[in-house]
Number of protein chains: 2
Amino acid sequence: MKTAPLVAVSLSPRDLNAALGEPQLSVMNFLNEVKIHYPQAISFSAGRPAEDFFHVREVTAKMDRFLEEECRRTGLDEAAILGSIGQYGRTNGIIGPHLARHLAIDEHIRVDPEDIVVTSGCQEAMALVLIGLLRRRDDVLLTADPTYIGMTGLARLLGIEVVPVACGAHGIDLHDLARQVAKVRAAGKNPRAVYAIPDFNNPLGCDMPHDRREALLALADKLDFLIVEDNPYGMFGYDDVARATLKSLDRHGRVIYLGTFSKTLFPSLRLGFLVTDIRVRDEHGASRRLTEMLSPIKSLTTVNTSALLQAMVGGVLIDADYSLRRHVAPVRDHYRTNRDAMLDALEGAFPAGDPLRASVTWNRPNGGFFLTMTLPFPFDDACLEACAAQAGVIVVPMSYFALTPGRANQIRLSFCANTPSEIDRGVARLAEFIRRRIA
Amino acid sequence: MKTAPLVAVSLSPRDLNAALGEPQLSVMNFLNEVKIHYPQAISFSAGRPAEDFFHVREVTAKMDRFLEEECRRTGLDEAAILGSIGQYGRTNGIIGPHLARHLAIDEHIRVDPEDIVVTSGCQEAMALVLIGLLRRRDDVLLTADPTYIGMTGLARLLGIEVVPVACGAHGIDLHDLARQVAKVRAAGKNPRAVYAIPDFNNPLGCDMPHDRREALLALADKLDFLIVEDNPYGMFGYDDVARATLKSLDRHGRVIYLGTFSKTLFPSLRLGFLVTDIRVRDEHGASRRLTEMLSPIKSLTTVNTSALLQAMVGGVLIDADYSLRRHVAPVRDHYRTNRDAMLDALEGAFPAGDPLRASVTWNRPNGGFFLTMTLPFPFDDACLEACAAQAGVIVVPMSYFALTPGRANQIRLSFCANTPSEIDRGVARLAEFIRRRIA
């Protein structure tokens with residue numbers, strides 16, 4: 001129908017959301033896409049789960065298990081259930097009861113299915129929290145620093161103030177948290193919630209000891225803030241220590257718990273969820289669930305989460321008697337082997353007695369996908385580029401995840417997505433790159 | 001692990017996003033869920049597509065067609081392709097080239113695949129537009145009034161000012177649009193974009209004539225605003241008149257086009273897309289695609305759209321040689337039959353010569369899912385409730401979609417999701433309810 005060539009309207013960056021100009025905003029894309037730009041490089045960058053364990057066809061086929069169960073439960077025939085699964089449906093999702101049973105068994109979290117919102121990936125759960133609970137001008141989100149960029153980036157995009165809290169080898173620093181909460185209050189603002197990843201923190205790879213978890217909950221009670229607990233890696237502990245989620249210890253409903261099947265099953269299910277028992281009481285004393293209040297937001301971001309994908313995950317849960325622990329066991333062993341391979345490779349590249357060992361250090365994560373490496377020089381964009389192009393290994397500057405200076409000399413290495421031999425070779429290349437830099 | 005019963009934190013509505021207090025915000029949930037509350041009622045409420053045409057299993061199985069094609073294209077084996085489909089992937093989606101071919105064939109829209117963002121339902125495409133392009137304090141969204149609540153509700157939630165523009169039997173009123181744009185500018189604000197549904201408008205059921213489409217594009221050029229064209233119903237024209245989308249007539253890239261497969265295939269695919277050829281030029285003259293600039297926003301709302309669902313839709317498109325016209329033909333016939341059934345039922349219930357005929361009127365939509373009925377009394381919440389509970393028929397007050405008064409006496413009837421005999425019975429019940437009200 002067009003007769004003339006298109007002359008596109010041109011906008012200026014000033015016409016767009018101001019936060020898009022901040023380099024932090026492109027980190028998510030970078031992590032998802034960097035491998036495309038250096039196809040030959042070994043990538044220790046993104047937290048991509050291991051594809052060998054996805055079982056895409058098996059998981060897809062589990063929809064049948066869900067259909068079967070729904071036919072039994074409702075007395076309807078398969079065509080009717082299939083129709084309702086294809087259709088628009090309940091905004092907060094259809095597998096709340098399945099998730100509640102799963103959480104009770106695997107995480108000791110007891111929750112009413114009505115207190116769960118099924119989301120289009122855990123990222124959307126973050127959007128619901130930020131849009132629903134942090135949209136007043138004086139609301140402030142506190143976060144461990146450094147932290148997952150998906151949360152802080154989205155907050156910036158929505159114009160929400162983020163206050164960083166120091167994070168050490170055992171997770172968020174409670175003294176600094178108390179200090180920051182006080183500072184926010186002193187500035188006339190409202191420290192609404194703190195965002196934390198207690199189990200095998202992304203990006204640092206540290207985990208929060210039990211007593212600090214209890215202390216964090218007590219501090220939240222004392223200073224009256226909410227806790228947003230993000231737990232993508234909880235199933236991937238390598239020391240067989242049972243860690244209690246904040247939510248399972250939460251006696252006052254202060255914890256909004258975020259979960260995902262991206263790591264336990266696979267990412268393109270885009271299946272996450274939000275759990276909160278918070279009640280919203282109006283001036284007449286009428287009480288509603290927070291999940292019910294968040295529901296219109298969910299309907300306005302993505303209408304509802306694909307019931308097709310929910311049915312697949314529901315089927316997996318039914319089939320596994322609601323526990324993913326057994327399903328996850330071989331995946332966890334795989335990642336443990338990878339972590340050990342990376343620690344061994346680092347040890348081999350910088351052995352005890354090596355003079356560099358004083359200035360090249362790394363932590364030993366008890367679980368998750370990542371470790372922190374500290375170098376004797378700043379590792380910036382140019383370094384990343386050079387390392388990828390020349391040494392053929394992609395790593396991520398820790399500064400990408402940080403809100404304050406002080407992490408310039410650190411990098412994040414992920415060990416989730418490579419074979420032990422790739423890890424060996426990648427670490428060897430990285431070590432050589434580091435030695436050349438210093439030389 | 002819990003030892004004491006949970007004492008939930010309680011918040012006040014004042015702690016939440018202020019927009020959640022507006023009744024408009026719950027309309028989306030209402031439309032999606034009202035049928036659950038009146039399971040026995042005949043519902044003319046939501047725009048739920050007809051489940052008989054979903055073919056959920058067939059569409060799901062079309063993933064294989066996509067896999068086959070990807071194996072051929074890349075030379076990789078199926079396991080590798082399946083792995084990448086299960087994995088995190090390209091933020092803006094993997095079926096851009098398929099969508100581009102589909103748009104060229106079915107809508108005469110010629111677009112570079114890079115100018116497409118695949119979204120988690122069309123609703124997310126609206127979020128990208130609003131967060132990306134309307135986040136400056138002085139940015140204003142103009143919309144036809146009444147209009148789809150998903151756009152105006154989300155704008156309110158994000159604190160974006162919405163300015164209503166009159167909408168008549170032939171779509172958005174261009175005189176009023178010019179007037180509103182001028183008023184917005186006079187107030188020192190920026191009329192960034194106008195939102196319109198030219199093909200078989202939701203909620204009114206009207207469509208925009210060709211000359212008004214051309215005039216709207218000319219006005220956008222003259223007054224310098226963008227057009228967000230939402231086209232969920234374009235494939236469902238019942239008069240076999242070929243209507244040109246605004247985007248196909250767009251010579252200056254002013255139109256951001258939003259599409260969805262919720263009506264052509266089925267809703268729980270949650271597969272939508274955004275098309276824009278806008279370029280963003282910085283002060284050094286460097287130019288980037290708007291889609292590239294929106295990509296970080298997409299990554300921060302839902303990371304990426306499920307590649308599993310993209311593969312299914314991609315497979316359907318490949319299999320159909322990229323045209324859905326043939327696939328849609330029986331669905332369109334079905335809806336046309338339904339529309340005719342509703343028009344006949346209305347004609348039967350209020351025949352020519354009936355004294356009520358002067359005050360009970362309706363339009364005759366040329367396509368889409370909805371028609372507008374005008375009554376001699378206001379149809380409010382209580383009326384809806386009474387009509388559902390007593391007469392057993394659910395209809396939606398037009399005021400639910402309106403931003404200004406003046407639609408109190410109108411209701412929206414959808415004819416998409418019922419059989420002709422249900423439509424007959426539903427309209428008879430509604431007619432009786434109306435007669436009783438007046439009596």
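**Close-up views of a two-chain model**

**View 1. A loop in chain B holds a histidine with a positive phi.** His108(B) is found in the loop between helix α5 (96-107) and strand β3 (116-120) of chain B. Helices here are DSSP runs of H or I with at least four residues, strands are DSSP runs of E with at least two, and both are numbered from the N terminus. Everything shown is a predicted model, in which local features need pLDDT of at least 70 and side-chain atom pairs count only at pLDDT 80 or more, while totals for chains, interfaces and linings use all residues. Residues are numbered from 1 along each chain as its sequence is written, chains are lettered from A and ligands numbered from 1 in the order in which they are written, and side-chain values use heavy atoms, with hydrogens and water left out. Now look at the backbone: phi of His108(B) is near 55°, a positive value in a residue other than glycine. Most residues other than glycine have a negative phi, and most peptide bonds are trans.

**View 2. Two prolines of chain B follow cis peptide bonds.** One cis bond joins Asp145(B) and Pro146(B), with omega about 0°. Pro146(B) belongs to the loop between β4 (139-145) and α7 (149-157) of chain B. Another cis bond joins Asn202(B) and Pro203(B), and here omega is about 15°. To find Pro203(B), look in the loop between β7 (190-196) and α9 (210-223) of chain B.

View 3. Two strands count as paired if DSSP finds at least two bridges between them. Strands of a sheet pair through backbone hydrogen bonds, either parallel or antiparallel. Here β11 (residues 279-281) of chain A and β1(B) pair in the parallel sense over two bridges, and Arg279(A) stands opposite Ser10(B).

**View 4. Strand β1 of chain A joins β11 of chain B.** These strands, residues 10-11 of chain A and residues 279-281 of chain B, run parallel and share two bridges. Which residue of β11(B) is the bridge partner of Leu11(A)? The partner is Val280(B).

**View 5. Chain A and chain B bury about 9000 Å² between them.** Of this buried area (the accessible area, with a 1.4 Å probe, that two parts lose on being put together, summed over both), 58% is on carbon and sulfur atoms. The contact (heavy atoms within 4.5 Å) takes 105 residues from chain A and 105 residues from chain B. Polar contacts pair N or O atoms within 3.5 Å; within protein, one must be able to donate a hydrogen and the other to accept it, and residues adjacent in sequence count only if both atoms are side-chain atoms. Between the chains, 42 residue pairs are in polar contact, with both residues at pLDDT 80 or more. Helix α11(A) gives the most to the side of chain A that touches chain B, with eight residues.

**View 6. A salt bridge joins Asp15(B) to Arg192(A).** A salt bridge is a side-chain nitrogen of Lys or Arg within 4 Å of a carboxyl oxygen of Asp or Glu. The two side chains meet at 3.5 Å, N to O. Asp15(B) lies in the loop between β1 and α1 (27-37) of chain B and Arg192(A) in strand β7 (residues 190-196) of chain A, so the pair joins two chains. Asp15(A) and Arg192(B) also meet in a salt bridge, at 3.4 Å, N to O.
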